Amino acid sequence: MTVSLEQLRRCHVAVDLGAARTRVYIKGAGLVVDEPSVAAVNTRTGALIAVGTFAEQMTGRTPDYIRVARPVTGGTVVDVEMAQRMLRHLLGEKLRRQLRRKPGLRAAACTPHDSDPLAQRAARETLMGIGARRVELVDTLIAAAVGCGLPVEQPTATMIIVCGAATTQIAVLSLGAIVTAVRLPVGGDAIDHAVIQHLRLQHALMLPSQSVRPLQLALHGNGLSPMGPESTEIHGRDVATGLARSVLVDTAAVRDAIHTPLTAVLDGIGKVLRDCPPDLVADLAERGIMMVGGSALLPGLDEMLRASTGMPVHIAERPDVCAILGLGAMLEGQIHPMVLDPLAE
Ligand SMILES: Nc1ncnc2c1ncn2[C@@H]1O[C@H](COP(=O)(O)OP(=O)(O)OP(=O)(O)O)[C@@H](O)[C@H]1O
Ligand SMILES: [Mg+2]
C-alpha cells in the first residue's frame, strides 16, 4: 500500500476509524472529531438514537428496543452502513455542509498494517458515505510514525509500537518504509477483558462495563510496576447473589492478570527483531522504542517493556491521536518526500 504524498496533499479530510475511537481531521481546521466508535439504534424503527460518547454511556444500560452497535472491530469496518451513518452524525450538520461544498471530495484513511482487500474496500466504502469521490489508504504504522515525529526518512532504524484497542502493531521503519512488521490481535480490549475475568474468577465479582478504566487508574502509580498501594477497593455485583458488593483487590494479582495478554506483545517484539537485519538492531538498541496508540497510556506498560527488552522506551506526546495527526500533516503538505534519485555519474 504505497500512496504518494502528492495524492494525499490533494485530500480534504482524513479519517481514522478505530475499534475504540473515530477521529476526523479536516484540512485547515485540524482534528474536529475524536469520539468513541459507537452508535445506538432503535431496533423497532431502525433510527439512530445517539452516537459517540453519549452512545457509549448507554452501553449496558439500554432497554430491549435499543441496540448499541460498534461498527468497527479489530481495526476493520464490519458494518459499512452503520459506520457511514455513525460517521455522518459524528461530523454533524455544519461540517457535513462544509464538505459537501467541495466538488470531487477526496479523503484519506489509515488502515491497519497488512489489512486485506476486503477490509480496505470496507474502509473506502465507509468514506464514500460522507461524499468522498476518491479515497487514499495509508498504513497506520506510517501515519503514526509521522504523527509522533519519528525521523522515518533517515537511514537509521526506529521501532514503533501502535497499541490500539483491538490490535497492536509493531514495526521497524527505515528510509521512510517498513522493514519488518507484525500485527497482533491483542490490545486495550484484551487487557480490560483480563481484568474483568480476574475479578470474576477470583472474587466472584461482576464489574460494570465502564469501571475497568477507574480500576486501572486506581492502580495508577503502580500500574504494572510493583510500587504503590497493595490493594484497592472495587465495587461491583456479586456473581451468585446479584447484589452490590465491594471487595479489596490485591493489585499484584491484577498486575499478573494483565501480564498474560502482554506476553503476546513481547513475543511480537522478539519476532520483529529477529526478522530485522543486525545493523538496524544495533540502531534500535540506541534509539529505543516509540509507543503510540491509546493503550500506550496504560500506567506502567512502558516500564514493563523497558524491563523486558532492555531498550529505551518512549511514549509519544499525544499517543492516542498520533495516527490521525500524522495523516493530517501529510494532508497539509508538511511532510516532504525523501528523494532517492539515482546519483549522477
Ligand atoms: N489512560 C488510559 N489507560 C489505559 N488504557 C487506555 C487509556 N486511554 C485509552 N486507553 C485504551 O486505549 C484504547 C484506545 O486506543 P486507540 O484510540 O488508539 O484505539 P483505536 O485506534 O480505536 O483502536 P484500533 O487502532 O485497535 O482500531 C482503548 O482500549 C482504551 O482502553
Ligand atoms: Mg488506531
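Domain bounds here come from an automatic or database domain assignment. On that basis, the chain is divided into domain 1 (5-39 + 70-144 + 326-331) and domain 2 (152-316).

Before I continue, a word on the source. This is a predicted model, in which local features need pLDDT of at least 70 and side-chain atom pairs count only at pLDDT 80 or more, while totals for chains, interfaces and linings use all residues. Residues are numbered from 1 along each chain as its sequence is written, and chains are lettered from A and ligands numbered from 1 in the order in which they are written.

I begin with the two domains. Their C-alpha centres lie 27 Å apart. The contact between them takes 12 residues from domain 1 and 15 residues from domain 2, two residues being in contact if their C-beta atoms, placed from the backbone, lie within 7 Å. On the side of domain 1 that touches domain 2, helix H5 (residues 140-147) gives the most, with three residues. Helices are DSSP runs (H or I, at least four residues), numbered from the N terminus. By class, that side of domain 1 has five nonpolar, six polar and one charged residues. Here Ala, Val, Leu, Ile, Met, Phe, Trp, Tyr, Cys and Pro count as nonpolar, Asp, Glu, Lys and Arg as charged, and the others, Gly among them, as polar.

Which residues come nearest to ligand 1? Of the 20 residues around it, they are Gly18, Ala20, Gly164, Gly188 and Gly294; a residue is near a molecule if its C-beta atom, placed from the backbone, lies within 6 Å of it. The shell draws at least three residues from each of domain 1 and domain 2. Its classes are six nonpolar, 10 polar and four charged. Helix H6 (residues 188-203) supplies the largest share of this shell, three residues.

H6 also packs against another helix. Its axis and that of helix H8 (residues 251-274) come within 8 Å and cross at roughly 135°, where axes are lines fitted to C-alpha atoms, for helices over the stretch in contact, and angles run from 0 to 180 degrees between N-to-C directions. H6 is therefore oblique to H8, since angles under 35 degrees count as roughly parallel, over 145 as roughly antiparallel, 65 to 115 as roughly perpendicular and the rest as oblique. The contact includes Ala190, Ile191 and Ala194 of H6, and Ala253, Val254 and Ala257 of H8. By class, the contact has nine nonpolar, three polar and no charged residues.

Terms used. Helices (H or I, at least four residues) and strands (E, at least two) are DSSP runs, numbered from the N terminus.
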